[in-house]
Amino acid sequence: MMNHPSLTYQTHADGEIPKEYHYWTRSRLARNKWLFADPKRREVKESFKKFLRGTGAERVIGNKEMQIVDGTPSLLWDLAGWESRYSQQYEPPYSNGDLIRSVTPRAKIIGLLRNPIERLYSEYLYFWQQKTEVRTPKSFHDEVVKEIGLFNSCLKSKTLRSCCYSSRAMNEVKIRIELGVYVCFIDDFLSAFGSNLLVLTLEEYRFYPIETLARVFNFIEVPAVDNITSFFSENEIKNGNTDLKNKVGEILPETHKLLTEFYNPYNAMLSHLLNDSKYEFNI
């Protein structure tokens, strides 16, 4: 998508084009990616005007075919710090979907969901690859057991939304098991955007890339690409976690069983919400 001529992204001074802005989730609140508890790591609050200047918004003026794209994955779930900002609330009083809709009500939202078990293991490999700690399928299993227990304990005294949006996920854990409880977050965005929300699965994109990309272009109302097969093959990006996964090893069968039992009820809820069995992920 980043190479479609009708789409514009933020560009850094060095010419790099990142897909993630983190404006709605972080910079508008002057917080870094972890939280904002440490004053030494606090960032400068960014205005919406400054945010727009970096997106190539000037290309949109006078050109109705141009669209500004923000590919920040954490838009779906990152409300970190809400407990301190709204200490009298038992769950977040809004979602990022509500925020975006209040400013750009005609925005189109695309959710690309991965099998939650694969997502969790990939996250474990990716975010800890720079650490000295040795990662093994067994150590992953131990984290899964701990986090399932903590999440279920949370549900005994709090709502599902409160547990899913918990700020603890930002700086106290090695795996963020709640991020795979997609129904919690998709329900919020569906309430905010209705038919302007398109939810896809990574499996769709993996097995039917050309058809899926064409569907996305149609959804966001940009011109179709003349030769979409060539467009896709020229811009395909390899998953950098594949080699790391091969080195560390596959998820243990007992871990997969635990995660299947944990995620299945929430996948079923998502499938019911969106009226499509593909969101059960066949796990």
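**Strands, pockets and burial in a predicted model**

Author: Ile109 stands opposite Leu197 in strand 4. This is a predicted model, in which local features need pLDDT of at least 70 and side-chain atom pairs count only at pLDDT 80 or more, while totals for chains, interfaces and linings use all residues. Residues are numbered from 1 along each chain as its sequence is written, and side-chain values use heavy atoms, with hydrogens and water left out.

Reader: Happy to start there! What makes strand 3 and strand 4 partners?

Author: Two strands pair if DSSP finds at least two bridges between them. Strand 3 (residues 109–113) and strand 4 are joined by five bridges, so they meet that definition; the two run parallel.

Reader: And how do you know what counts as a strand or a helix?

Author: Both are DSSP runs numbered from the N terminus: helices are H or I with at least four residues, strands are E with at least two. By that count the chain has 13 helices and four strands.

Reader: Why is Leu200 called buried?

Author: Buried means under 20% relative accessible area, exposed means over 50%, and partly exposed lies in between (1.4 Å probe, protein chains only). Leu200 has a relative accessible area of 2%, so it is buried. This residue belongs to strand 4.

Reader: Why is strand 4 described as largely enclosed?

Author: Five of the five residues of strand 4 (residues 197–201) are buried, so the rest of the structure largely encloses it. Leu197, Val199 and Thr201 point one way, and Leu198 and Leu200 point the other. Strand 3, by comparison, has a covered face of Ile109, Gly111 and Leu113 and an uncovered one of Ile110 and Leu112.

Reader: Which residues does Leu200 contact beyond its neighbours in sequence?

Author: Contact means heavy atoms within 4.5 Å. Leaving aside neighbours within four places, Leu200 is in contact with Ile110, Gly111, Leu112, Leu113, Thr212, Arg215 and Val216. Leu112 is 88 residues away in sequence, yet the C-alpha to C-alpha distance is 4.8 Å.

Reader: Is Thr136 buried or exposed, or in between?

Author: Its relative accessible area is 28%, so Thr136 is partly exposed. Thr136 sits in the loop between helix 4 (116–127) and helix 5, and touches Tyr124 and Val248, not counting residues up to four places away in sequence.

Reader: What about Ser162: why is it called buried?

Author: At a relative accessible area of 5%, Ser162 falls under the limit, so it is buried. Ser162 lies in helix 6 and touches Trp82, Tyr90, Glu91 and Pro92, again setting aside residues up to four places away in sequence.

Reader: What makes a space in the model a pocket?

Author: On a 1 Å grid over the protein atoms alone, a pocket is an open set of points with protein on both sides within 12 Å along at least five of seven lines, and lining residues have an atom within 4 Å of a point. The second largest pocket is lined by 16 residues, with Cys154, Lys158, Cys163, Ser166 and Arg168 nearest its centre.

Reader: Which helices each supply at least two residues of that lining?

Author: They are helix 2 (82–85), helix 5 (137–155) and helix 6 (160–164). Helix 5 gives the largest share, four residues.

Note on methods: 1 Å grid on protein atoms, 1.4 Å probe; cavity = no way out; pocket = protein on both sides within 12 Å on 5 of 7 lines; lining within 4 Å.
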